Amino acid sequence: MPKLTDTPAWRALKAHLTTVRAQTMREMFRADPARFDKFSLQLGGLLLDYSKNLITGETRTLLLDLARQSKLDVWMARMFSGEKINTSEHRSVLHTALRAPRDAEIFVDGKNVVPDVHRVRDHMRSYTDAIRNGRLRGHTGKLLRDVVNIGIGGSALGPLMACEALKPYGHPEMRAHFVSNVDAADIAETLKQLDPETTLFIVSSKTFTTQETLANAHTARAWLVQHLGTEAAVANHFAAVSTNITATSEFGINHEHVFEFWDWVGGRYSLWSAIGLPIALYLGMDNFEQMLAGGHAMDKHFREAPLECNMPVMLGMLGVWYANFLDAGTHAILPYDQYLHRFPAYLQQLEMESNGKRADREGNTVDYATQVVIWGEPGTNGQHSFYQLIHQGTRLVPADFFAPINSHNPIGAHHAMLLSNCFAQTEALMLGKTADEARAELEAQGLRGAELEALLPYKLFPGNHPTNTLLYERLDPHMLGMLIALYEHKTFAQGVVWNINSFDQWGVEFGKQLAGKLLPELQGGHPVTSHDSSTNALINRCLSQGL
């Protein structure tokens, strides 16, 4: 098998690069008034405008040739069919099954998993309905109105992001809280806000052994028992998402309040499963299922749309273009939608944990870039922060902009101002400002001669900065499901091209192993000498200060 960088499709893109670099997007738009029509896609209420990219029609053709050469269609079929494409962990990759309709058939080891998915979903519905309508109450008979999710990684980021994104659909009397950090400040500051009589804790840990999660869970348990005066209260105030029934029972959780999920659900893809229990509690099961339906709609599009009309494929291949051929090292996620303020953090885990790898599927070290750094903040906040670097810095920063056509909060001119800023930024990043334009602008302000010439260099904008715009009618549960699944499949498509396993995360485990060795030393009270000089000094400094 030839190295990726030696393949015909890769070489063709390398050769084509010179042609693209000889043009600007400003020139491309001027030469082709129909450019938007050629480089945009629509799915339901979601519009993807990728016309403001450093590409031509030939670029798109060559990028899709690379996708075909990588057998993306074959890998898609293997994933959706339940084949164990997570080879390092010998697991299927079937987060898509979690949003499949009840009559679907998806097999793992000869068993159709869809009935189990819907059995757990029915369990979630009966439990969440009972909490929301007051049939299930706390130990003292009060309504449970504060839901605290205790988890980490995918067991926290996904539910947190979704609850924030869909606040307009939340139960008016319920609050969702999320504790993930083992830093005691996280659980302590959360507990300060709560009434133990009205608080429900959800402990999300597949094995019920995750160190950070169990530390926070035991702290929450002790707080509850202290305030309510009895261990019996635990059964009314705790639920769990786990497969370890023995451990949850020993903790005191009623077995009817334990929800299972499966090893073919990766952590960063798990909000669609019972890990989404806090979403269902806060939004209601109908809205949770609308989110699942949005994800399924994107699954269907990804499987069936031709590559040139396929949103996840186009986003994925554009990312490959910038990472591997134009040397971009980062990608900005810029939602002009305050409800999506946690979406950049969610995509950081999704993309960087999935594709932040240097070994390919055959175990060889790759000789090309893989995942770029994902980062971002909501607009318009970012405009008064890091946009300076994107506009006039020395690095190429591709960016995705998100905006709703309709606001959940139509107050005065706010939404028109928001959209005007979003569209202006993508236009400015594409166009830039030439010396002639800047000079004319300064002259109109009354500047002349040496004063004008001294200021001129600071007024130039190179432009030619690529952006995608994702415009949607309104951020509702169905649309959020579509957006999440869009980026899941984008990430998978890139992993296929880079020939890496997007579904393991061995890099996460190494630090945990070392932490397990260090913990007893920090608790032992005796100076250590078994590490490097830096680690020894840091541990010993803490011990000397009374840890």
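Contact here means heavy atoms within 4.5 Å. The model shown in these views is predicted.

**View A. Helix 6 packs against helix 13.**
Arg121, Met124, Arg125 and Thr128 of helix 6 are in contact with Met285, Asp286, Phe288, Glu289 and Leu292 of helix 13. Sorted by class, the residues of this contact are four nonpolar, one polar and four charged. Helix 6 covers residues 114–133 and helix 13 covers residues 285–304; their axes lie 10 Å apart at an angle of about 150°. Angles over 145 degrees count as roughly antiparallel, and helix 6 is therefore roughly antiparallel to helix 13.

**View B. Helix 5 crosses helix 13.**
Helix 5 is formed by residues 72–80, and its axis comes within 10 Å of the axis of helix 13, with a crossing angle of roughly 140°. On the helix 5 side the contact is made by Met76, Met79 and Phe80, and on the helix 13 side by Asp299, Phe302 and Arg303. Four nonpolar and two charged residues make up the contact of helix 5 with helix 13, with no polar residue.

**View C. Helix 22 has a buried side and a face turned away from that side.**
Helix 22 runs over residues 533–544, twelve residues in total. From its first C-alpha to its last, helix 22 reaches 16 Å, close to the 16 Å expected at 1.5 Å a residue. Asn536, Ile539 and Leu543 are the buried residues of helix 22. Viewed down the helix axis, these buried residues fall within an arc of 75°, so they line one face of helix 22. An α-helix has 3.6 residues a turn, so residues three or four places apart point the same way. Helix 21 (506–524) is included in what covers the buried residues of helix 22. Ser533, Leu538, Arg541 and Ser544 are exposed residues on the face of helix 22 turned away from its buried side.

**View D. Thr7 lies in the segment before helix 1.**
Helix 1 spans 8–21. Thr7 has a relative accessibility of 7% and so counts as buried, the cut-off for buried being under 20%. Leaving aside residues up to four places away in sequence, Thr7 touches Pro2 and Gln69. Thr213 is 206 residues from Thr7 along the chain, and the C-alpha atoms of Thr7 and Thr213 are separated by 45 Å.

Note on methods. Residues are numbered from 1 along each chain as its sequence is written. This is a predicted model: local features need pLDDT of at least 70, side-chain atom pairs count only at pLDDT 80 or more; totals for chains, interfaces and linings use all residues. Side-chain values use heavy atoms; hydrogens and water are left out. Axes are lines fitted to C-alpha atoms, for helices over the stretch in contact, and angles run from 0 to 180 degrees between N-to-C directions. Helices (H or I, at least four residues) and strands (E, at least two) are DSSP runs, numbered from the N terminus. Angles under 35 degrees count as roughly parallel, over 145 as roughly antiparallel, 65 to 115 as roughly perpendicular and the rest as oblique. Ala, Val, Leu, Ile, Met, Phe, Trp, Tyr, Cys and Pro count as nonpolar, Asp, Glu, Lys and Arg as charged, and the others, Gly among them, as polar. The expected span of a helix is 1.5 Å times one less than its number of residues. Buried means under 20% relative accessible area, exposed over 50%, partly exposed in between (1.4 Å probe, protein chains only). The arc is that of the directions from the helix axis to the C-beta atoms.
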